[in-house]
Amino acid sequence: MNRMPPELDDRAHPASPAAYDAIAAGYAAENESNLINAHYERPAMLDLAGDVAGRRILDAGCGAGPLSAALRERGAQVSGFDASAAMLELARRRLGPDVDLRVADLGEPLPYPDAAFDDVVASLVLHYLRDWGPALAELRRVLVPGGRLIASVDHPFALTLLRRLAGEKADYFGVTARTEEWAMGGGTTQLTFWDRPLHAMTDAFTAAGFGIDVISEPPPAAAAYDLFPDEFRDLTSTSFLSFLFFVLRAG
Ligand SMILES: C[S@@+](CC[C@H](N)C(=O)[O-])C[C@H]1O[C@@H](n2cnc3c(N)ncnc32)[C@H](O)[C@@H]1O
């Protein structure tokens, strides 16, 4: 069965890899200390990465570079790329001139040789792509055999749940575009996310030659409960569904 959305969706939701340019400073500031990025997503990625001392790590969709910085503090040799020149400029200021940072589009051929990295981290970037095949093929190409792709994406169950709670029809099994307007730091932009079911994610990983080591739904970092008590007051568990995390192994 063809699960791709009709062509009309492409015109209604044009690809916009540089869409973060308009909100770069505002997004980076928010990401630095909020619950979702600073106290949930980033600690989870670092936990999954484990001991990275001496590893060559590519940060795909590095944004302003907070994960790169944390990996470097732990002894990794980091490189990064992002489609947004404005985000990359913030990463440059944070990481300094010695880190290899490039403007590049995940989904297009990447400007790195084969087997250049021991790990790739891809925090919250794959869900901007309609077709994961070319991106995953490139990420596998730049990894050494046995190297890891550690990725986080919007949790597919959470999205369906939220849409249904909002009274919308939500097709969990489709690959569907969702365009949101984000206003941050005085800038406004349209971001298009491509939602897909869990099996479409795992199928794409295995088709690209990755084995699946871990699928993770971690809790936030311990400090989050004291820092953001209101966010947890009505929850029935100490965790929440927001992102889904994978550790994949290049075959
Ligand atoms: C949600 S932000 C996450 C940034 C960073 N990974 C972090 O966790 O702080 C998503 C980033 O992906 C970048 N991005 C979106 N589409 C991209 C693409 N096709 N190629 C490269 N980067 C992309 C955006 O410019 C943005 O910096």
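Mentor: A polar contact is a pair of N or O atoms within 3.5 Å. Keep that cut-off in hand. This is a predicted model.

Trainee: How far is the polar side-chain atom of Asp 105 from a nitrogen atom of the ligand?

Mentor: The cut-off for a polar contact is 3.5 Å. The Asp 105 atom belongs to the side chain and is polar. Its distance to the ligand nitrogen is 2.7 Å.

Trainee: How much of the ligand does the protein bury?

Mentor: Start with the ligand taken alone. It then exposes 590 Å². Of that area, the protein buries 97%.

Trainee: Is Asp 118 buried or exposed?

Mentor: Asp 118 sits in strand E4, residues 117–123. Buried means under 20% relative accessible area. Asp 118 has 17% relative accessibility, so this residue counts as buried.

Trainee: Which element of the protein chain has the lowest mean pLDDT?

Mentor: The chain as a whole has a mean pLDDT of 92. Strand E1, residues 56–60, has the highest mean among the elements, 99. Where pLDDT is low, predicted coordinates should not be read in detail. The lowest mean, 46, belongs to helix H1.

Methods: Residues numbered from 1 in each chain as written. Predicted model: local features only at pLDDT ≥ 70, side-chain atom pairs only at ≥ 80, totals over all residues. Heavy atoms only, no water. Polar contact = N/O pair within 3.5 Å; in protein donor to acceptor, adjacent residues only side chain to side chain. Areas by Shrake-Rupley, 256 points an atom, 1.4 Å probe, with all protein chains shown as cover. pLDDT = per-residue confidence, 0-100. Helix = DSSP H or I, 4+ residues; strand = E, 2+ residues; numbered from the N terminus. Buried < 20%, exposed > 50% of the residue type's maximum accessible area, 1.4 Å probe, protein only.
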